[in-house]
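Let's take a friendly walk through a protein model together. Keep the sequence and the 3D view open, and look up each residue as it comes along.

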Amino acid sequence: MGAGTVLDEVTARMAIEAGAQFIVGPNFVPEVAKLCNRYQIVYIPGCQTAKEVIAAMEAGADIVKLFPGNIITPGGLKAMKGPLPQANLMPSGGVSVANVHEWLDNGAVAISVGCSLYQSSQKEVTSASKEITHQL
């Protein structure tokens, strides 16, 4: 269990005290990174630029959420991995059953299940999950 759309250190602390095992935010907040590192909680901040991704990585972010993914695109993720091959990037937004393979093929370490995936039929999501798991 984790907490999403965490915008500040106070909310992150409340979520951790309630048992959150990971914290996700739409942006990078250094104070949240420090808090999560202190308590050994996975922090996944949202970033859009190489500068933001590097700052999040330097602050100890375990995974960096590329947000919003529909603006960045799978090709943008691949381009970001060029100079930052060590970055663990996870797109959020713009991921669908139809393009999930494209994101993974371009270097995503994980996929955020957002509206596009969540609103797909259960059969499509189950089928795609089985195929992805088989390939991994």
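This is a predicted model: local features need pLDDT of at least 70, side-chain atom pairs count only at pLDDT 80 or more; totals for chains, interfaces and linings use all residues.

Helices (H or I, at least four residues) and strands (E, at least two) are DSSP runs, numbered from the N terminus. Residues are numbered from 1 along each chain as its sequence is written, and side-chain values use heavy atoms, with hydrogens and water left out.

**The overall plan**

The protein has seven helices and five strands. Of its 136 residues, 38% count as buried; buried means under 20% relative accessible area, exposed means over 50%, and partly exposed is in between (1.4 Å probe, protein chains only).

**The sheet**

In what order do the strands of the open sheet stand? The order of the three strands is β3-β4-β5, with parallel pairing; two strands pair if DSSP finds at least two bridges between them. β3 (46-47) and β5 (89-91) are at the edges with a single partner strand each, so one side of each has no neighbour in the sheet. Three bridges join β4 and β5 in the parallel sense, and leucine 66 has proline 91 in β5 as its bridge partner. Helix α3 lies across β3, β4 and β5 and runs at about 160° to β4. For that angle, axes are lines fitted to C-alpha atoms, for helices over the stretch in contact, and angles run from 0 to 180 degrees between N-to-C directions.

Now find helix α2 (residues 30-38), where Val32, Ala33, Leu35 and Cys36 are buried. Why do they line one face of the helix? Seen down the axis of α2, the buried residues fall within an arc of 165°, so they share one face; the arc is that of the directions from the helix axis to the C-beta atoms. As a general rule, an α-helix has 3.6 residues a turn, so residues three or four places apart point the same way. The buried residues of α2 pack against α1 (9-17), β1 (22-24) and β2 (42-44), where contact means heavy atoms within 4.5 Å.

The largest nonpolar core has 30 residues, and those with the most contacts inside it are Ile23, Tyr43, Val53 and Leu89. A nonpolar core is a set of buried Ala, Val, Leu, Ile, Met, Phe, Trp, Tyr and Cys residues joined through side-chain atoms within 4.5 Å. Two or more residues of this core come from each of α1, α2, α3 (50-58), β4 (64-66), α4 (69-81) and α5. The helix that gives the most is α2, with four residues. Leaving aside neighbours within four places in sequence, leucine 89 is in contact with several residues, among them Val53, Val64, Leu66 and Leu77.

**Residues in and around the loops**

Which residues are buried, and which are exposed? The table sets four of them side by side.

| Residue | Relative accessible area | State |
|---|---|---|
| Asparagine 106 | 16% | buried |
| Threonine 73 | 34% | partly exposed |
| Proline 83 | 61% | exposed |
| Glutamine 40 | 70% | exposed |

Asparagine 106 sits in the loop between α5 (100-105) and α6 (115-118). The side chain of asparagine 106 reaches the backbone oxygen of glutamate 102 at 2.7 Å. Not counting residues up to four places away in sequence, asparagine 106 touches Pro74, Leu77, Lys78 and Lys81.

Threonine 73 lies in helix α4, and its phi is near 75°, a positive value in a residue other than glycine. Glutamine 40 also has a positive phi, near 55°, and is likewise not a glycine.

Proline 83 is in the loop between α4 and β5. Proline 83 and alanine 50 are 33 residues apart in sequence and 8.9 Å apart in space, C-alpha to C-alpha. Another proline, proline 68, is found in the loop between β4 and α4. The peptide bond from phenylalanine 67 to proline 68 is cis, with omega near -10°.

Terms used. A polar contact is a pair of N or O atoms within 3.5 Å; within protein, one must be able to donate a hydrogen and the other to accept it, and residues adjacent in sequence count only if both atoms are side-chain atoms.
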